[in-house]
Amino acid sequence: MTRKSIFALAALAAFGAIAPLGCKPAGKDGASGSGDAPKSGSSRIVFIPKNMGNPYFEAMEKGFQQASKELGFEFSTTGPAVAEPTAQISYIKDEIQRGATAIVIAANSVDALNGTLDEAKAKGIKIITVDSDLTGNESHRDLGVLACDFDTMGDFLIEQMGAIMNYEGKFAILSATTDAPNQNKWIKGMQAAIKNPKYAKMQLVDVVYGDDKDQKSLTEAEALLTKHPDLKGIIAPTTVGVYGCAKAVEQAGVYPGGKNAKGAGVSVIGLGVAKQMQRHLKDGIVPKVFLWDPAEQGYIASYAAVRMAEGKFTPADGATINIPDLPLTKMGDKKVGKNNVLIIGEPVEYNKENVDKYAGE
Ligand code: RAM
């Protein structure tokens with residue numbers, strides 16, 4: 001028996017000690033039914049992404065599913081079709097009624113959910129944010145599990161764009177929704193970063209929003225190309241957005257080396273899912289994108305939720321939680337920091353040379 005399966009059995013036994021708080025599967029319109037079949041007598045973790053049908057969050061579900069197999073909880077995903085600030089409230093309320101053990105949520109707003117999350121916490125439901133935190137309102141959840149250090153993301157993206165455009169010329173940002181906590185934190189970081197004299201010749205000419213919708217992202221990217229014919233780059237720190245930008249520069253032929261490119265052309269970079277960006281990277285339409293394995297957030301959030309429900313883990317600055325290794329990733333002790341944020345790691349670069357390896361994961 002492998003180390004992992006021994007661990008899984010031990011954890012399953014321990015988890016059985018948790019009082020079941022309700023076992024009805026989520027049955028709302030948006031429910032994906034992505035978990036294992038309901039396990040009677042076990043606890044329930046519900047994942048509420050920003051929006052359903054987003055490949056990024058679908059990748060995250062794999063981490064919950066893996067943890068569900070190891071720990072034996074019932075897992076389901078439910079959420080709104082569109083990423084709007086208040087769109088997640090009714091889904092949280094439903095879970096308060098049903099009595100989920102834990103709600104894991106990628107917040108669409110820093111404050112619109114506060115009251116509803118407080119109601120859930122008052123019922124003993126553990127609240128964990130992933131991907132997008134309640135920035136400035138962290139007390140309304142128990143823990144935030146974030147892929148990377150949000151404080152350095154702005155510097156990182158500006159330096160990446162700068163190096164590609166020779167630290168000179170016009171660039172734009174294409175984001176997701178205007179309220180997205182993670183996006184806004186990163187945009188603020190980028191706006192602060194360009195004040196560094198190193199970037200004095202770079203000009204941020206526009207910030208536009210594709211709302212994490214395919215068509216709107218494409219249309220907004222096309223509008224940027226029309227409005228700024230001398231644009232040298234677009235940073236899209238959203239997986240839906242960066243894909244829309246890739247399609248726009250491809251269709252317009254203005255990517256580096258494209259038939260309508262002026263000078264070095266328009267370089268698109270951002271945060272992208274390897275599989276979704278694979279062809280654009282391999283064809284040289286997009287030079288590079290960055291991301292992390294979204295599944296890790298689901299996996300760690302699941303373990304944190306279960307250990308919290310067991311009374312074995314209390315999130316606090318300096319507290320640690322041990323996470324078993326994933327088949328491809330070493331985990332181990334993860335430390336909680338300020339505002340109860342657990343940062344997993346750093347973004348990985350996907351490019352022409354390595355994307356096949358990551359897209360196959
Ligand atoms: C989109 C969402 C999500 C973000 C990723 C990188 O899918 O906006 O919140 O973290 O991109």
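The lining of the second largest pocket draws at least two residues from each of strand 5 (143–148), helix 5 (150–164) and strand 13 (341–345), where helices (H or I, at least four residues) and strands (E, at least two) are DSSP runs numbered from the N terminus. The structure is a predicted model, in which local features need pLDDT of at least 70 and side-chain atom pairs count only at pLDDT 80 or more, while totals for chains, interfaces and linings use all residues. Residues are numbered from 1 along each chain as its sequence is written, and side-chain values use heavy atoms, with hydrogens and water left out. Of the 14 residues lining this pocket, Asp-151, Lys-185, Lys-338, Asn-339 and Val-341 are the closest to its centre. By class, the lining comprises five nonpolar, three polar and six charged residues (Ala, Val, Leu, Ile, Met, Phe, Trp, Tyr, Cys and Pro count as nonpolar, Asp, Glu, Lys and Arg as charged, and the others, Gly among them, as polar).

Two residues other than glycine have a positive phi: Asn-340, near 55°, is placed in the loop between strand 12 (332–335) and strand 13, whereas Asp-211, at about 60°, lies in the loop between strand 7 (202–209) and helix 7.

Helix 7 (residues 214–227) packs against helix 8 (residues 239–252) at an angle of about 50°, with their axes 8 Å apart; axes are lines fitted to C-alpha atoms, for helices over the stretch in contact, and angles run from 0 to 180 degrees between N-to-C directions.

Key
On a 1 Å grid over the protein atoms alone, a cavity is a set of points where a 1.4 Å probe fits but cannot get out, and a pocket is an open set with protein on both sides within 12 Å along at least five of seven lines; lining residues have an atom within 4 Å of a point.
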